[in-house]
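Trainee: I would like to learn how to read cavities and nonpolar cores. Could we work through an example?

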Amino acid sequence: MKSLLLVLSLSICSSGFAMDPTSHNPLESCMKKMNQNLKAIARQVQEPSLNQQTAQWADKLSQITTQCKSNVPDGINSLPDNERDTRKALYEEMMDHTAELSDQLAATLRKNDNLKAQKIVESLIAIKKDGHQEFKHSDFTLMAYDLKTLMKQMGTNLKLITTRINDPAQNANSAKLADEMTQATLESKKHIPGSISSLPASEQAARKEQYDKMLDESAGLSQQLAQALRANDTAKAKVLLEQLSSLKKDSHIEFK
């Protein structure tokens, strides 16, 4: 599969924004143009005199991202029927979120708020950095690039495992989803929820410690769940699912 974000590592060229006619892969062509726009934006986002031009590039980034949404990665289409729709929905949500960030960036630049614009660009670049590692494999796995997507990934996997928990034939696949939950949970520790970053500086460290402790607990439960599924211990797996669901609800209330 041509990696969704792997092509974001390609170097920027000075050509216009038309789709690359030499590419035989529509998704690759889209991603090349996304990369070109993102790098061009990052190069001049701190220059207020160029804000109008940079805003136009952000508009184009949003447009191209929307076009890319219709080009589903091969790795999704090759998944089993019971997973394809869930993965496709997650892919589409990620693309919607990227387009939303691009729209926010364009609006922010037109208001000449370069400080906020730079932060949005950093979020977009995080998609590139985190996504590259996950998409370079031939299969479609964890899409980890920001906290919102990580949390969505965990919720989606938890729901999918729950729906198939009474089918032992699905245990191996469910165990892999539990592994992804562990990875996403640990990756989430690299991010700080807005509910914490908005606190006074004197309170942030203590809250972040509580947040990390909750994530460690969730990661531990996900690991145990994967082990129980591989051991075909459905009873234990159900108990762990209930614990994870409860922890998810509590964390949403605590850190939303």
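Mentor: Bear in mind that this is a predicted model. For cavities, begin with the count: the structure holds two of 30 Å³ or more.

Trainee: How much space lies in the second largest cavity?

Mentor: About 40 Å³.

Trainee: Which residues line the second largest cavity?

Mentor: A lining residue has an atom within 4 Å of a cavity point. Here the lining consists of Leu90, Glu93, Met94, His97, Lys148, Thr149 and Lys152. Two elements, α4 (81-110) and α6 (147-163), each give two or more residues to this lining. The largest share, four residues, comes from α4.

Trainee: How do the residues of that lining divide into nonpolar, polar and charged?

Mentor: Three are charged, two are polar and two are nonpolar.

Trainee: Now the cores. How many residues has the largest nonpolar core, and which have the most contacts inside it?

Mentor: A core joins buried nonpolar residues through side-chain atoms within 4.5 Å. The largest one has 27 residues, and those with the most contacts inside it are Met31, Met34, Ile41, Cys68, Met95, Leu105 and Leu124. At least two residues of this core come from each of α1 (26-44), α2 (51-69), α4 and α5 (114-135).

Trainee: What is cysteine 68 in contact with, leaving aside neighbours within four places in sequence?

Mentor: Cysteine 68 touches Leu27, Cys30, Met31, Met34, Tyr91 and Met95. Another core, of 23 residues, lies apart from the largest one; Leu158, Ile196, Leu240 and Leu247 are among its members.

Key:
Residues are numbered from 1 along each chain as its sequence is written. This is a predicted model: local features need pLDDT of at least 70, side-chain atom pairs count only at pLDDT 80 or more; totals for chains, interfaces and linings use all residues. Side-chain values use heavy atoms; hydrogens and water are left out. On a 1 Å grid over the protein atoms alone, a cavity is a set of points where a 1.4 Å probe fits but cannot get out, and a pocket is an open set with protein on both sides within 12 Å along at least five of seven lines; lining residues have an atom within 4 Å of a point. Grid points are joined across faces, edges and corners, and a volume is the space filled by probe spheres set on the points. Ala, Val, Leu, Ile, Met, Phe, Trp, Tyr, Cys and Pro count as nonpolar, Asp, Glu, Lys and Arg as charged, and the others, Gly among them, as polar. Buried means under 20% relative accessible area, exposed over 50%, partly exposed in between (1.4 Å probe, protein chains only). Contact means heavy atoms within 4.5 Å.
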